[in-house]
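Take a first walk through this structure.

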Amino acid sequence: MDSLIPFTTSGSLVDCVDRKMLVVLRDGRKLHGVLRSYDQFANLVLEDTVERIYAGNTFAEKWCGLFLIRGENVVLLGEIDLDQEDDVPLRQVDYKQLDDYYRQDAAAKKQREEAKAKILYEQKGFCKEGGEGDGY
């Protein structure tokens, strides 16, 4: 039984330390960086972190440096295969080119989600989701 303890909960992250990871946060941001540390609450420390935004077949990166992420904000954590990373058919552009498009897209998505939630609440009897902006 003791041999299973390291592979439960955050103990399974041991093999991910010092590897390039993708972290998707609750607010939808996608961070790429090297996992340097974590704790029992899945709080993460990423080094050499960049935030990526996507639009169609293009992407842009913004340098963030050292990043501390609370475990409750992590939706997805996955290792990036360095051999296949460069084979992705996306074209990198300057961050300023995509930033306005990304902000408009995020605002439109928020409006659609609010309209959907309103219909579900008023017409279908669903309860309101967490009022503190918890999308997951």
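Which residue forms a salt bridge with Arg52? The partner is Glu85, and the closest N and O atoms are 3.7 Å apart. A salt bridge here is a side-chain nitrogen of Lys or Arg within 4 Å of a carboxyl oxygen of Asp or Glu. Arg52 sits in strand E3 and Glu85 in helix H1, so the pair ties together parts that are 33 residues apart in sequence. Salt bridges with shared partners join Lys20, Arg52, Glu61 and Glu85 into one network. Arg52 counts as buried, at 14% relative accessibility. Buried means under 20% relative accessible area, exposed over 50%, and partly exposed in between (1.4 Å probe, protein chains only).

A word on the source. This is a predicted model, where local features need pLDDT of at least 70, side-chain atom pairs count only at pLDDT 80 or more, and totals for chains, interfaces and linings use all residues. Residues are numbered from 1 along each chain as its sequence is written, and side-chain values use heavy atoms, leaving out hydrogens and water.

Now the whole chain. Its secondary structure comes to two helices and six strands. Helices (H or I, at least four residues) and strands (E, at least two) are DSSP runs, numbered from the N terminus. From that end, the order is β-β-β-β-β-α-β-α. Of the 136 residues in the chain, 26% are buried.

Return to strand E3, which spans residues 44–55 and holds Thr49. Thr49 is buried, with a relative accessible area of 0%. What does Thr49 touch, not counting residues up to four places away in sequence? Its contacts (heavy atoms within 4.5 Å) include Leu31, Trp63, Cys64 and Phe67.

Other charged pairs follow. The count comes to 11 salt bridges. One of them pairs Asp18 with Arg36, with the closest N and O atoms 2.6 Å apart. This pair links distant parts of the chain: Asp18 lies in the segment before strand E1 (20–25), Arg36 in strand E2 (residues 30–38), 18 residues apart. Asp18 is exposed, at 52% relative accessible area, while Arg36 is partly exposed, at 36%. Asp27 also forms a salt bridge, with Arg29, and here the closest N and O atoms are 3.0 Å apart. Asp27 counts as exposed, at 52% relative accessibility. Arg29 is partly exposed, with a relative accessible area of 28%.

Finish in the loop between helix H1 (82–85) and strand E6 (91–92), where Asp87 lies. Asp87 counts as exposed, at 59% relative accessibility.
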